[in-house]
Amino acid sequence: IANAAGVAVQGVKAENRRIRILHARDCILDGIDLTNGELIVDGHPENSPMQTAPSLDLELRNLHIDSGYLDIHNCRSLTCTRVQITHPIGKGFCASDVFNSRLNAISVDNSTK
């Protein structure tokens, strides 16, 4: 999903894929089930100062990632809630340069299969 606005995506199941959200705003992703893949959120271009960047009003909720990871960066006004990452690759979850956002109910389970 790139340069999208006002899009709602629900009930996606994917395996061996990467889901990337690139410069999207006013969008909702709900009920994503991802196996052997990563979900990457690129909010604003790398050279944008996040403190003054426009609000994305991007919402991610009810995500399950198995054998993958979630990477969120360069975002302002993002809501990410109810995320379960099982059998993560690496740390499983990474957030950088995220401002005025709500990240809660994110769990990473490192137990073996």
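Figure 1. The model is a predicted one, in which local features need pLDDT of at least 70 and side-chain atom pairs count only at pLDDT 80 or more, while totals for chains, interfaces and linings use all residues. Residues are numbered from 1 along each chain as its sequence is written, and side-chain values use heavy atoms, with hydrogens and water left out. Thr 81 belongs to strand 8, which runs over residues 78-86; strands (E, at least two residues) and helices (H or I, at least four) are DSSP runs numbered from the N terminus.

**Figure 2. Partners of Thr 81.** The side chains of Thr 81 and Asn 104 form a polar contact at 2.7 Å, the term being used for a pair of N or O atoms within 3.5 Å, of which, within protein, one must be able to donate a hydrogen and the other to accept it, and for which residues adjacent in sequence count only if both atoms are side-chain atoms. When neighbours within four places in sequence are left aside, Thr 81 is in contact (heavy atoms within 4.5 Å) with Leu 60, Arg 61 and Asn 62, and also with Arg 102, Asn 104 and Ala 105.

**Figure 3. Gly 6, ahead of strand 1.** Gly 6 lies in the segment before strand 1, which comprises residues 8-10, and, with a relative accessibility of 59%, Gly 6 counts as exposed. Not counting residues up to four places away in sequence, Gly 6 touches Arg 25, Asp 26 and Cys 27. Between Gly 6 and Asn 104, which are 98 residues apart along the chain, the C-alpha atoms are separated by 23 Å.

**Figure 4. The whole protein as context for the close-ups.** The protein has ten strands and zero helices. Its radius of gyration, 13 Å, is close to the 13 Å that the globule rule gives for 113 residues, so the protein is as compact as a globular protein of that length; the radius is taken over C-alpha atoms, and the rule is 2.2 Å times the number of residues to the power 0.38. Along the principal axes, the C-alpha trace spans about 45 × 25 × 20 Å. Buried residues make up 41% of the 113 residues, and, of the contacts with a separation of 6 or more, 35% are accounted for by residues 24 or more positions apart.

Notes:
Buried < 20%, exposed > 50% of the residue type's maximum accessible area, 1.4 Å probe, protein only.
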